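Student: Could we take a close look at one part of this model? I'd like to go through the aromatic rings.

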Amino acid sequence: MEGETLPADQDVPRDDNKPRECECNAEDGSLVSMDWFPDDLLEQILACLPFADLVRAGVVCTRWRRIINSETFRKKLLHGVSHRPWFVLHGFLGQPACAYDPVHNVWCELKLPRFEFSLYSSILGFASSTGLICVYGKSEGGIGQLCVCNPLTRICRHIAPAPSVESQLFATLAISVSRTTPSYRVSLVTSKIPPGIQVGYELSIHLYDSETRMWKTCMTEYMRIWRCCNESAICDGVLYFLIISPSTASRENRYGLVMYDLSGRCSNDLLASFVPVPRPHGYGRLMNMKEKLVLVMDIDRYNGVGIWVLNGREWREIARSPDDYFPGLGSNAWLRSCGLNDLIYIWSGDGHDHPSPYIATFDMNQKQWSRNNLATVPSQDYKGFCFEPQLDIVP
Amino acid sequence: MSSPPSASASSSPPPCPKKMITLRSSDGATFEIEETAALQSKTLENMIHENCASTLIPVPNITGEVLARVVEFCSKHAEAGVDDESLGAWDEEFVAVDHTTLFDYIRAANFLEIPTLLDLGCQTVADMIKGKTPDEIKKTFKITTACTPEEEEEVRGENQWAFE
């Protein structure tokens, strides 16, 4: 690099922020190089970049890397991200996942780590929270496996579930990542038919703590008519999950919500905590939105989608979808939803092969609905989950 | 003997005199700007309030060429009755310049504290960076320093997803 003397009329002020001047003549003779651009302005420019571009910018040169890695820059950046989490679609069949970044309105490809589950049907549970996702399934040898990973760094931890957890049962998984300590908890609620018993299920709640790296079976209870299904969430130290009382008449299954205090402080009689869902025969989706439990459920098969938040032991309806968003869900319809922090994503389909052409979002803060024609959800087999990208979290 | 003009003699009231500020660039060129437009710049706003008597403000950090364009920007953005869409189109044309000029705008906007111009400039550069590989970025912006191989390996290793 040759230094050149400055032309007289370009009176560039010097300040301590700038590294030594480096004028490199471009082919057209103009003096243009970003090397001399001051740090604070460079920071402003980099702050406008989407997440993926920011990571690439980190290898451009030492100076850019230093700016991007600085504490102040990261805080400024992730402040915007945490309110509007990414939405990821994944089929777990070897294809890459695609992730939607709502802040910059872009889709990017995300290669999740290859889980050891060869068949989609062997995935029994899935959960995601700040920065981490958790998958529970059956490996090829039929052994239950739990995997917690950070999808961005692809650092994975495999955890063997508690020995008493078998493969043929109903299970639901939830994960809660602490915001204060680098730890997380994974809950696994299972229902199985106890041997020798004709009627009823044995429900168990297992909890894994990343600090102790141990499983604990918090409780086991026999229930004559109820069993767990696929929805659970941990909010503010309380595990909430839906239970179902399957009925012989089709579609007349009854659903309800129960809760379990994970700190074990209160006496936990599950059925005493029972709260019916707003539509007793409807199946909803549970999610943790800033430590409040939110339920997304179709209002009735023909009328759209509603969002409720749990206040104590009662549901409070906070929103209904606009009329044209989910028209006539129909008898084969399915509804999926996920949410984190301020944003809820909802998508649906009419039967197995007819997904809707868009994904609807609801912003809890601004009470605003919107639709994104950005991707077609291939089918209900695709897992969609919300995810707050965090580079620092390690499973 | 002329009589003083009376209000009833003229058909429309005389236009309000707009207060003009004069800016002097580093190379001695002067530019006039309406006070309302100058208030887009926080730096100028402070200077105007401090030097209420004088209307000549030296801007030693910015050349005449750049200052002329900055004055144009502020005047346009202070105009009444311009809809968002046409202003957006005007902005787009404003920043369709070579890199040196763009960086000059950003530095000028930073010194004069003009948030609209600063955001526009930074976003424009960010848009040039989006989607490029690190090598392409280095080439576009003539960046000659580089990460050490160890640093590069560290970032790529942790974040392969961004490089595929």
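Student: Does Trp226(A) count as buried or exposed, and what is its relative accessibility?

Tutor: This is a predicted model, so local features need pLDDT of at least 70 and side-chain atom pairs 80 or more, while totals for chains, interfaces and linings use all residues. Residues count from 1 along each chain as written, chains are lettered from A and ligands numbered from 1 in written order, and side-chain values use heavy atoms, without hydrogens or water.

Trp226(A) counts as buried, because its relative accessibility is 7% (buried is under 20%, exposed over 50%, partly exposed in between; 1.4 Å probe, protein chains only). Searching the whole structure turns up eleven aromatic pairs over all chains (Phe, Tyr or six-membered Trp rings with centres within 6.5 Å; planes under 30 degrees apart are stacked, over 60 edge-to-face, the rest tilted). In one of them, the ring of Trp226(A) sits with its centre 5.1 Å from that of Phe274(A), and the planes make 50°, so this pair is tilted. The two residues are 48 apart in the chain: Trp226(A) is in the loop between strands S11 and S12 of chain A, and Phe274(A) in the loop between S14 and S15 (strands are DSSP E runs of at least two residues, helices H or I runs of at least four, numbered from the N terminus). Phe274(A) itself is partly exposed, at 21%.

Over in chain B, Phe73(B) and Phe94(B) have ring centres 5.2 Å apart and planes at 50°, so they're tilted too. Phe73(B) belongs to helix H3 and Phe94(B) to helix H4, 21 residues apart, and both are buried. Ring pairs also join these two with Trp90(B) and Tyr105(B) in a cluster.
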